Amino acid sequence: MAFAAFVCGLNLTARKERCQRSRLCMRDSDGVRTAPPTVPEALNITIKESIRNAVLSGQRAMRVDVRSGETDPESPLYDEMMVVSVAAQAVDSMSSMLGEESKILIVSDLTTKVDLVATRLVEASTNLSQSKLRVVAIPEDAGGFTVDEDEDLVVILSPTNQPGRSVTKQVRQIVRAAFGRRTIVVNQRLDSVIGMNADGSEKRVGMLPVEIGKFEAAYVW
């Protein structure tokens with residue numbers, strides 16, 4: 001027992017030391033401030049190239065899905081900041097193709113507050129500034145969603161259906177409001193399998209909007 005406590009103390013001290021060397025830290029469940037996760041450089045490059053190639057081939061509506069322990073809400077390794085970092089790579093690849101006056105709208109379905117999402121997006125990006133960015137939470141209802149005239153890129157971040165909570169209608173409204181603009185959906189979980197029905201078919205948490213089904217799968221990993 002004493003040895004286990006000693007090892008735990010060493011791990012805690014090491015984490016604190018890593019944090020002290022970090023540029024930005026966030027508190028975890030132990031109260032230790034730890035650096036936010038980053039996407040491996042090779043994956044950064046691949047995501048950016050995939051988005052750029054899709055755009056150059058004429059695509060305006062795209063999907064990016066990175067499935068790993070850090071980006072899967074069902075995994076004990078899940079970290080919402082990793083999902084934000086993935087989105088930052090997609091935004092990075094697009095921002096250089098937008099006009100000088102163009103702005104970017106991020107609609108987030110993460111539990112992380114939108115101001116922290118905005119901060120992390122800028123930090124994980126190489127050419128994105130706060131002045132170009134508007135981050136809002138996914139609306140509670142499907143009516144009245146609008147996109148500003150100068151927002152030429154719309155990113156829907158991790159839209160997720162859960163038992164007792166569906167955002168399918170909201171996502172459809174966002175996609176319709178963004179019609180004609182470049183749109184990227186990152187790590188959608190609208191039709192995730194949550195079990196099996198009695199007849200052996202898959203039981204899904206909700207429906208994938210037909211509009212999203214038509215999006216180009218720019219990057220799936």
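Strands β6 and β7 (residues 182-186) pair in the parallel sense, over five bridges. This is a predicted model. Within that pairing, the bridge partner of valine 154 is threonine 183 in β7.

Now turn to the other partner of β6. Strand β4 runs parallel to β6, and six bridges join them. Here valine 154 in β6 stands opposite leucine 105. So how well covered is β6 (residues 151-157)? Six of its seven residues are buried, which leaves the strand mostly covered. In a regular strand, side chains alternate between the two faces of the sheet.

Follow the chain out of β6. Serine 158 lies in the loop between β6 and α5 (168-177). Its phi is positive, about 55°, although serine 158 is not a glycine. Is serine 158 buried or exposed? Serine 158 counts as buried because its relative accessible area is 4%, under the 20% cut-off.

Asparagine 187 sits in the loop between β7 and β8 (193-196). Asparagine 187 is not a glycine either, yet has a positive phi of about 50°. With a relative accessible area of 2%, asparagine 187 is buried.

Glutamate 101 is located in the loop between α3 (80-95) and β4 (103-108). Its relative accessible area is 66%, so glutamate 101 is exposed; the cut-off for exposed is over 50%.

Terms used:
Residues are numbered from 1 along each chain as its sequence is written. This is a predicted model: local features need pLDDT of at least 70, side-chain atom pairs count only at pLDDT 80 or more; totals for chains, interfaces and linings use all residues. Side-chain values use heavy atoms; hydrogens and water are left out. Helices (H or I, at least four residues) and strands (E, at least two) are DSSP runs, numbered from the N terminus. Buried means under 20% relative accessible area, exposed over 50%, partly exposed in between (1.4 Å probe, protein chains only). Two strands pair if DSSP finds at least two bridges between them.
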